[in-house]
Amino acid sequence: MLNQFSRTQLLFGPEAMEKLRQIRVAVFGIGGVGGYAVEALARSGVGALDLIDDDRVCLTNLNRQLHATHKTIGQYKVDAAEERIRDINPDCTVRTYKTFFLPDTRDLFDFSQYDYVLDAIDTVSGKLALAETAAAAGTPIISSMGAGNKTDPTAFRVADIYETSVCPLARVMRSECRKRGIRSLKVVYSTEPPVRPSEDPSISCRSGCVCPPGTRKCTVRRDIPGSTSFVPSVAGLIMAGEVIKDLVNGAHPSRISPST
């Protein structure tokens, strides 16, 4: 019977579509990368999605975040993303967590219930905690490296963290993963050297912050990265594609099972 996933089924077949319907994927970070990944997973027929992010939509998110519109400014990103998912696939089970994931919040999540974890957060300590917790649970994970200050969407690659180069965040992650005995971590990274953003006081978040009340301010960063609409989105779509490919092809067959 013809349905909204028929074109995908033409490529993967009915058994793969049923497998996708039964899986649960957790997406940590619903920003420029994670937002596109979430929507691609929903449009692929993934049956359950957990969305984890404590941030709200800000005016400066509109240039790159799929769920960010003038209508959603001030909303929690997980709520805006959930609304889009329900419009795309009402049968998808969505759970939202308004939580900033760090080592001290990892115990709020049972990673054994996930068939895959997608890491699109931007703090090193959080990324390492995700990698460690997923490994301990035997849950597949893919992690996004730096997508800010980049202008070339064709420079992304998929590799193990120990095979990466150029990316400053990947360099830090390689070192920290070695220290922690993390033997492998699948990542999406860019071979493009980062561009140094200009310091323009007239458009600086430091002097003219427009974040909604209650938002974790980006001004706490040492540097506020520049971004485009077409770089983080590509990273997110690549990540979603890797998740779907791994699950459909049975790269992690022990984790492909109905989620409760």
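Both faces of strand β1 are covered: Arg24, Ala26 and Phe28 on one side are buried, as are Val25 and Val27 on the other. Buried means under 20% relative accessible area, with a 1.4 Å probe and protein chains only. In a regular strand the side chains alternate between the two faces of the sheet. Five of the five residues of β1 (residues 24–28) are buried, so the strand is largely enclosed by the rest of the structure. Strands are DSSP runs of E with at least two residues, and helices are runs of H or I with at least four, numbered from the N terminus.

This is a predicted model, in which local features need pLDDT of at least 70 and side-chain atom pairs count only at pLDDT 80 or more, while totals for chains, interfaces and linings use all residues. Residues are numbered from 1 along each chain as its sequence is written, and side-chain values use heavy atoms, with hydrogens and water left out.

β1 pairs with strand β2 (residues 48–52) in the parallel sense over five bridges; strands pair if DSSP finds at least two bridges between them. Leu51 in β2 is the bridge partner of Val27.

The chain has seven helices and seven strands, in the order α-α-β-α-β-α-β-β-α-β-β-α-β-α from the N terminus. Its C-alpha trace spans about 55 × 45 × 35 Å along the principal axes. Of contacts (heavy atoms within 4.5 Å) between residues at least 6 apart in sequence, 70% join residues at least 24 apart.

| Charged side chains of the chain | Number |
|---|---|
| Positive (Lys and Arg) | 32 side chains |
| Negative (Asp and Glu) | 29 side chains |

Buried residues make up 50% of the 260 residues in the chain.

Key
Charge placed at Lys NZ, Arg CZ, Asp CG, Glu CD.
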